[in-house]
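Trainee: Before we turn to a particular residue, could you show me how burial is to be read in a model like this one?

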Amino acid sequence: MLTQKMIRVINLLKQVSNSCPTIADEDTVWLESLCRAGLVCHTDEDADTPCHYALAKPLRQISLCEVLRVAGGEVVLSFDEEKEIYDRYGAAGRRLGVTNYMACRFLSEINLAEVVLPDADSEDKKESK
């Protein structure tokens, strides 16, 4: 359910919370995105720390929704391996599994004509009045 981008951002947040021992150069773009989102802040570059970033709030207060926004808003729905969600994500797996199920259910109730021809639906409603 979590994309590679989301997993990358989550791991980066974890590294920042552990004083950034091994942040790759390509992660600086993600760090700046996390800064703009208010999840990470710049620290004093003169400090005795290898990392110039710190969490703006504890990991427990950062939601997956915030990470989703930073990572570009993509979620991969699982249609065949729902049990894997429960097994793969530990304590959060149950809630992610329910989220996956509900997203699939809601999306299955939206027919393509409503998306492709949004005005046609409102015309049908006007005619039935």
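Mentor: Buried means under 20% relative accessible area, exposed means over 50%, and partly exposed lies in between, with a 1.4 Å probe and protein chains only. This is a predicted model, in which local features need pLDDT of at least 70 and side-chain atom pairs count only at pLDDT 80 or more, while totals for chains, interfaces and linings use all residues. Residues are numbered from 1 along each chain as its sequence is written, and side-chain values use heavy atoms, with hydrogens and water left out.

Trainee: Is Asn100 buried or exposed?

Mentor: Asn100 is buried, because its relative accessible area is 0%. Asn100 belongs to helix H5 (helices are DSSP runs of H or I with at least four residues, strands are runs of E with at least two, and both are numbered from the N terminus). Across the chain of 129 residues, buried residues make up 24%.

Trainee: Which residues does Asn100 touch, not counting those up to four places away in sequence?

Mentor: Contact means heavy atoms within 4.5 Å. On that basis Asn100 touches Met1, Val76, Leu77, Ser78, Glu82 and Ile85. Taking the contacts in the chain with a separation of 6 or more, 46% are between residues 24 or more positions apart.

Trainee: How many helices and strands does the chain have?

Mentor: The chain has 7 helices and 2 strands, and along the sequence they follow the pattern α-α-β-β-α-α-α-α-α.
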